[in-house]
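Reader: Please take one part of this model and go through it closely. Keep it brisk, and give me each cut-off where the term comes up.

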Amino acid sequence: MEQEQPPQPPDLGDLDRQALAERGQAALGRLLASSGALLEAYRGLQPAAPAAPDALREVQAAYLAASREVGAVLQACAALEQREAGAAAPPDDDGDPEAVAALKARASELKAALAAQNGLLRRVMGKLRGLTDAFAMWDAHERHLIAQARRRRCAMATPVAAACEEAGKVVKRQKLSAAKVDESLDRLIALAVAARDRAAAGQPGAAAELVAAAEAAGCVRDMSGATKELHGAVAKLSKALDRAFDSGTDVCKAMRGVSFDAATLNRVIAEHLYREGRFALADAFVAEAGLPGGDELRQPYVALHAVLQQIKQRNLAPALAWAQEHRAALAAHDAATGAGGGDGGACAFEFRLHALAFTNALAAQGQAAALAYAQAHFGAFRGRHMREIQRLMCCLLFAGRPPRETPYADLLAPTAWDDVAAEFGRQACSLMGQAYDSPLAVAVAAGGAALPPLLKLAALMERNGQSLAGCGQLPIELELGPEFVYRSIFACPVSRDQSTPDNPPKLLPCNHVLCEASIAKIARGRSRVFKCPYCPMEARPDNTRLLVFPDVEWQRPSARRDSSARPPEPGEERAPSRLGAAGMAGEAASSLDWVVGCSVRVLTAHTKEEIGGIVFGYDAATDVVMIREPGTHGGVVNLRLYKAAQLQVLSAERCSAERAAAELRLPHVDRERAAQREAKALAQAEADRAKVGEGVTREAQSLFDALCKTMPCVWVGRAISVMDVVTVQPPYTPEAVTTTSDHPGALERVRKVLNAERQRLGLA
């Protein structure tokens, strides 16, 4: 097969200067247009594309043809210059001197014009060559991405993924088989009806003709072939499932003897069935189990599913009536969860229902109906939902347009109805005191996630002569994932026991946390010094602090101090709160508990520095104490901030009201210096923000940070400019480093740093 020869450039030797200029201008315009189209075509390629499409080849051919034509124009210009230079050569000495001078001047003008045009064309050709190099670099980058995607697909080809793929093939094969079988049955039925009509008319041999016609039509053969292919696909699926799952594993080995309360378990099962809307099955289960209070358990879910059914039918009236009926409870729930509430007690969920009704009216009835609905219902929500109302009003301007042409497609999405239905279920379950997710479904899902590690643990313990069923507590911690975390717990890192009221968590001076039982076991005495098991610092059991988790049920909220209380006046004694620091000097000192205005002497835990001064302030929420220490000269004082847990109080005494008022007077603040520090901090923040690239990857930002450590760098779009002479273009490889001037040292330095950082990040 002969290789296709590229088209030859046109012959432009007979054109004059004007024609060459016009031809060159047109060719240059086509070259620039084709180069832009080629760049867009390269950018539009997907990483997983196996090869360049036909459109890309056409753009490449147009670019090459235009570049050849520009080259031909340049050659023709050079030839014309030579011809005109020869024609403008000075004549013999016998000629007219004035004519010779005129010809020389004309030749000089032509040479200058040609030199200017040739210089412009050479610069354009240089830029086009740069574009060609960039296209080659992008092509290599795309091929690298394609290879990466293929390697990832190969790595993801797990047995479970293979089983899922075989299941999809079975589904497709079943549909094809069902279609072929239906078609064959229709043909058989037609043949049987025709044979019946012939037999009814008295024609002999109708049955034999039916059998022959069925064999000729191949109905039985087609049905057998279709079902055979389906059975083959099912057999492959069975083998894939055997490879993905070990059917020989006995899951009973992961079971432990746990006693359940039968009545509680039956109630959980009944609630799950009612929650799923399977009322007939749930009623039968309640009757057979003899569960008391079945009607009370059933009624809330009947109302819940009645409203959900109306929402699925695009009717929001029952949901709005329910939201208005429970408006006070919903508003209180919003306030408790931080979602806020509307003016006049209106809740966020009620506004969401009105917003959906507005968009539904806009889509079904037009702008006038939607505007009337907004005027009637949005006024009560303007206080807290003004931004949402403004976006909804802007939807009126884009009514009737396709979703891709409007910036408010999220408000008009069909999934909004499903989102509202799910939100209604959450709100209703919350008011009923129930979780949105079924406890039975969560328990089954958690058991499925924990089953593989439990089976491995059971096998390991069996090899060591142990039994999982006899363990009172699992020897390992099972990680089920964040979707199964519903409340905060604390487990001691030493004993692995969960905290209880009798064994609460305690904070050591080094900020490590252990349970009280573990501390007592390590210290072997209340006043003995022991070493923290996680750091070299020492502590005593009486120098630890009770750690309060707000979300743990057994730790009462009353044990926590209200941080919003009014600060005491100078000289006023505060009521004792929880201990600010263990190890205070004596019982009298411990009752002071960081009273503002109290004179104290403390010892820091880390530096063992002794500090004396007045308690200037104390924040119970963060456990931070501020001590006012006398300065070294000129009436200057030092204000020091410490974590109260890091201080050991050596002595403490109350001050008189006069001294407290004098000591707690606010010091002078130099506003000018504060403004200068603020301006300096803002300038530094702006400089730090300028070092963060927009639309770049994490690896690109890491490369920029590495270059910034030794050289001044700035972002120019997605490119990195180093010292204004070196540019690093995506994909930020050493080959993508270019320079705008003759600086080989800077170029090599940037390439060296870039290559080292890429190797550190694993990109080389």
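Author: Residues 24 or more positions apart make up 55% of the chain's contacts with a separation of 6 or more; a contact means heavy atoms within 4.5 Å. This is a predicted model, where local features need pLDDT of at least 70, side-chain atom pairs count only at pLDDT 80 or more, and totals for chains, interfaces and linings use all residues. Residues are numbered from 1 along each chain as its sequence is written, and side-chain values use heavy atoms, with hydrogens and water left out.

The protein chain holds 22 helices and 14 strands. Helices (H or I, at least four residues) and strands (E, at least two) are DSSP runs, numbered from the N terminus. Of its 764 residues, 30% count as buried. Buried means under 20% relative accessible area, exposed over 50%, partly exposed in between (1.4 Å probe, protein chains only).

Now the sheet. It is open, with four strands in the order E11-E12-E13-E14 and antiparallel pairing. Two strands pair if DSSP finds at least two bridges between them. E11 (713-716) and E14 (737-739) are the edge strands; each has a single partner, so one side of each lacks a neighbour in the sheet. On average, neighbouring strands are turned by 25° against each other, direction ignored.

Take the pairs in turn. E11 and E12 run antiparallel and share four bridges. Trp715 stands opposite Ile720 in E12. The hairpin of E11 and E12 has two residues between the strands, and Gly717 takes a positive phi there, near 70°.

E12 and E13 are antiparallel too, joined by three bridges. Ile720 has Val728 as its bridge partner in E13. Three residues lie between the strands in this hairpin, where Met723 has a positive phi near 55°.

E13 (residues 726-728) and E14 are linked by three bridges and run antiparallel. Val728 faces Val737 in E14. H21 (residues 698-708) packs on it, touching E11 and E12 (719-722), and its direction makes about 145° with that of E11. Axes are lines fitted to C-alpha atoms, for helices over the stretch in contact, and angles run from 0 to 180 degrees between N-to-C directions. H22 (residues 744-761) lies across E12, E13 and E14, and runs at about 165° to E14.

E12 has buried residues pointing both ways. Ala719 and Ser721 point one way, Ile720 and Val722 the other, and all are buried.

Next, the nonpolar cores. In soluble globular proteins, nonpolar side chains tend to be buried together. A nonpolar core is a set of buried Ala, Val, Leu, Ile, Met, Phe, Trp, Tyr and Cys residues joined through side-chain atoms within 4.5 Å. The largest has 44 residues, and Phe349, Leu353, Phe358 and Phe424 touch the most other members. H12 gives the most, with eight residues. Leaving aside neighbours within four places in sequence, Phe358 contacts Ala370, Leu371, Tyr373, Ala374, Phe378, Leu392, Met393 and Leu396. A second core of 20 residues is separate; Val696, Ala700, Cys713 and Ala746 belong to it.

The expected span is 1.5 Å times one less than the number of residues. Ala270, Glu271, His272, Leu273, Tyr274 and Arg275 are buried in H7. The buried residues of H7 pack against H8, H9, H15 and H16. Just after H7, Gly277 takes a positive phi of about 85°.

H16 (residues 439-463) has 25 residues and reaches 35 Å between its end C-alpha atoms, close to the expected 36 Å. H16 has a kink of about 40° at Leu451, shortly before Pro452. That bend is the angle between axes fitted to the seven residues ending there and the seven starting there. Among the buried residues of H16 are Val442, Ala446, Ala450 and Leu454. Gly465 follows H16, with a positive phi near 75°.
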